[in-house]
Every structure is written in C-alpha cells, then in structure tokens.
Amino acid sequence: MKSNMRLNREAVLHIPLSNYAFANSENRLTIRIRTQRGNVSACTLYYGDRACADTPVVFKEIKMEIKARDELFDYYEATFETPFLRVCYY
C-alpha cells in the first residue's frame with residue numbers, strides 16, 4: 001500500500017467458490033482479489049493445507065499480479081499448483 005494512502009477496505013472484494021477462487025485442475029488453483037485502482041502497490045497470497053497437523057498452519061507465499069484494470073478497480077490474480085486436497089488462504 002502506498003505510504004501516504006490508507007487501504008480503501010470498501011473497495012476490496014473476494015468471493016470464495018466463485019470466479020474469484022476456483023480450481024483449474026485437480027492441483028491447480030486461481031485466486032483473485034479486487035482493490036481500488038491505484039490504492040494497493042502489491043498484493044501477496046498466503047496458502048496452506050487446511051488439514052495441516054502443525055500449529056500454526058504452515059503457509060506458502062505467492063506474489064499476486066495485476067491481471068486487469070478498469071476505471072475504478074485493479075484485479076490481482078495468482079494461479080498456483082498445490083499438493084493439498086483442502087486449501088486455506090488469506
């Protein structure tokens with residue numbers, strides 16, 4: 001996020017089990033998030049195994065990229081392969 005701007009939380013959108021979070025194949029997922037245009041300078045996705053035996057859950061980190069932009073919003077996206085059957089993310 002830019003140092004002189006605050007995150008516009010009202011513009012942030014992510015909908016699980018929709019076109020914002022879906023499986024491309026058995027082990028490949030795409031996660032998307034919408035933010036106010038120009039309000040966020042970088043976006044990082046953290047994902048892990050929902051059935052992880054460790055506490056806390058071990059997460060992997062992926063940098064999301066802007067895949068689309070319109071007059072109002074930036075659309076970040078990450079597509080990744082995972083061996084996990086049940087994925088948790090933030």
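Mentor: Two strands, S2 and S3 (43-49), each supply at least two residues of the lining of the second largest pocket. The structure shown is a predicted model. Of the elements concerned, S3 gives the most to this lining, with four residues. The volume of the second largest pocket is about 180 Å³. Its lining includes Cys-43, Thr-44, Leu-45 and Tyr-46, together with Ile-31, Arg-32 and Ile-33. Also among the lining residues are His-14, Ala-42, Met-64, Tyr-89 and Tyr-90. Sorted by class, the lining of this pocket has nine nonpolar, two polar and one charged residues.

Let us now follow S3 to its neighbour. S3 and strand S4 (residues 59-69) run antiparallel and are joined by six bridges. Leu-45, which lines the second largest pocket, has Ile-62 in S4 as its bridge partner. S4 in turn is joined by four bridges to strand S5 (residues 73-81), and these two strands also run antiparallel. A hairpin of three residues connects S4 to S5. Across this pair, Glu-65 stands opposite Glu-77 in S5.

About 210 Å³ of space lies within the largest pocket. Strand S1 (21-25), strand S2 (28-36) and strand S6 (87-89) each give two or more residues to its lining. The lining of the largest pocket divides into ten nonpolar, no polar and one charged residues.

Notes: Residues numbered from 1 in each chain as written. Predicted model: local features only at pLDDT ≥ 70, side-chain atom pairs only at ≥ 80, totals over all residues. Heavy atoms only, no water. 1 Å grid on protein atoms, 1.4 Å probe; cavity = no way out; pocket = protein on both sides within 12 Å on 5 of 7 lines; lining within 4 Å. Points joined across faces, edges and corners; volume = space filled by probe spheres on them. Nonpolar A, V, L, I, M, F, W, Y, C, P; charged D, E, K, R; others polar. Pairing = 2+ DSSP bridges.
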